[in-house]
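This briefing covers the pockets and salt bridges of one protein model. Please read it alongside the sequence and coordinates shown below.

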Amino acid sequence: MGKMVKLGPVSGYLGRPAGEGPWPTMIVIQEWWGLDNQTESIVDRFADIGYLSFAPDLYHGELAKLGDNEKASGLVQKYAPGAPDELEQVFDALKAHPDCNGKLGSVGFCFGGRMSIALGLRRPVNAISTFYGGGMQQLFDQLDKLKAPVLGLFGDKDQSIPVGTVEEFDKLLDKIGVEHEVIVYPNSGHAFFRDSDPSVYKPEAAQDAWDRVTKFFKKHLG
């Protein structure tokens with residue numbers, strides 16, 4: 001189990017592997033609900049397989065209840081403008097952390113999926129994964145700044161990210177020549193990985209996504 005700590009100017013949930021470091025390091029970026037138990041459970045999962053893992057609290061203690069889309073939307077509008085700057089500070093603090101071996105990856109979900117890409121545009125992340133990155137098309141005109149390999153995971157029934165948008169993302173990554181894989185799961189909607197919400201969770205897609213994401217980060221972070 002992890003614990004809340006402060007890294008640089010940003011508080012968040014830190015998970016440490018068993019034994020002694022340094023370890024490869026993972027930045028886990030919250031859905032639009034905020035830093036909730038679901039996000040913390042993903043930090044713990046990465047820590048269990050050998051990553052120093054940190055989920056920054058980009059909403060500074062605020063949280064939307066699951067299903068309260070109005071509150072979540074308001075929190076995104078309030079905090080999204082400053083989130084990339086804070087993620088840069090988190091990256092720098094983790095890079096300098098004595099338990100980090102110098103290799104860092106980022107993985108984000110929903111709002112966090114967009115922020116995972118945004119961080120990769122600003123800092124030398126070693127590998128980037130985005131799960132159904134909400135609003136990621138806002139970054140499409142900047143993707144040529146990406147240097148790290150990308151793994152994108154989406155659902156074909158996601159109304160917030162149409163399949164055409166995902167196809168455009170894939171083609172743009174082809175064009176800039178970044179190593180990437182983009183997967184679209186059949187009969188899966190937004191937040192298919194969220195195992196705490198039976199209304200959206202798709203076990204088969206989630207398991208395949210976890211297998212892919214762990215292999216991806218093992219390849220690029222060691």
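The largest pocket in this predicted model has a volume of about 290 Å³. Of the 20 residues that line the largest pocket, Trp32, Trp33, Asn69, Cys110 and His190 are the closest to its centre. The second largest pocket holds about 170 Å³ of space.

**Pocket linings**

- Helices H2 (69–79) and H4 (111–122) each contribute at least two residues to the lining of the largest pocket, and H2 gives the largest share, 3 residues.
- The lining of the largest pocket comprises 8 nonpolar, 8 polar and 4 charged residues.
- The second largest pocket is lined by residues including Ala80, Arg114, Met115, Arg122, Gln138 and Lys145.
- H4 provides the largest share of the lining of the second largest pocket, 5 residues; by class that lining has 6 nonpolar, 2 polar and 3 charged residues.

**Salt bridges**

- The whole structure contains 12 salt bridges.
- Arg194 and Glu31 form a salt bridge at 2.5 Å, N to O. They lie 163 residues apart, Arg194 in the loop between S8 and H6 and Glu31 in the loop between S3 and H1. Both Arg194 and Glu31 are buried.
- Glu88 pairs with Arg122, with the closest N and O atoms 2.3 Å apart; this links H3 to H4 across 34 residues. Glu88 is buried at 15% relative accessible area, whereas Arg122 is partly exposed at 39%.
- Glu88 and Arg122 also belong to a salt-bridge network with Asp85, Asp92 and Arg123.
- Lys219 forms a salt bridge with Glu179 at 3.0 Å between the closest N and O atoms. Lys219 is in H6 and Glu179 in the loop between H5 and S8, so the pair ties together parts 40 residues apart in sequence.

Technical notes. Residues are numbered from 1 along each chain as its sequence is written. This is a predicted model: local features need pLDDT of at least 70, side-chain atom pairs count only at pLDDT 80 or more; totals for chains, interfaces and linings use all residues. Side-chain values use heavy atoms; hydrogens and water are left out. On a 1 Å grid over the protein atoms alone, a cavity is a set of points where a 1.4 Å probe fits but cannot get out, and a pocket is an open set with protein on both sides within 12 Å along at least five of seven lines; lining residues have an atom within 4 Å of a point. Grid points are joined across faces, edges and corners, and a volume is the space filled by probe spheres set on the points. Helices (H or I, at least four residues) and strands (E, at least two) are DSSP runs, numbered from the N terminus. Ala, Val, Leu, Ile, Met, Phe, Trp, Tyr, Cys and Pro count as nonpolar, Asp, Glu, Lys and Arg as charged, and the others, Gly among them, as polar. A salt bridge is a side-chain nitrogen of Lys or Arg within 4 Å of a carboxyl oxygen of Asp or Glu. Buried means under 20% relative accessible area, exposed over 50%, partly exposed in between (1.4 Å probe, protein chains only).
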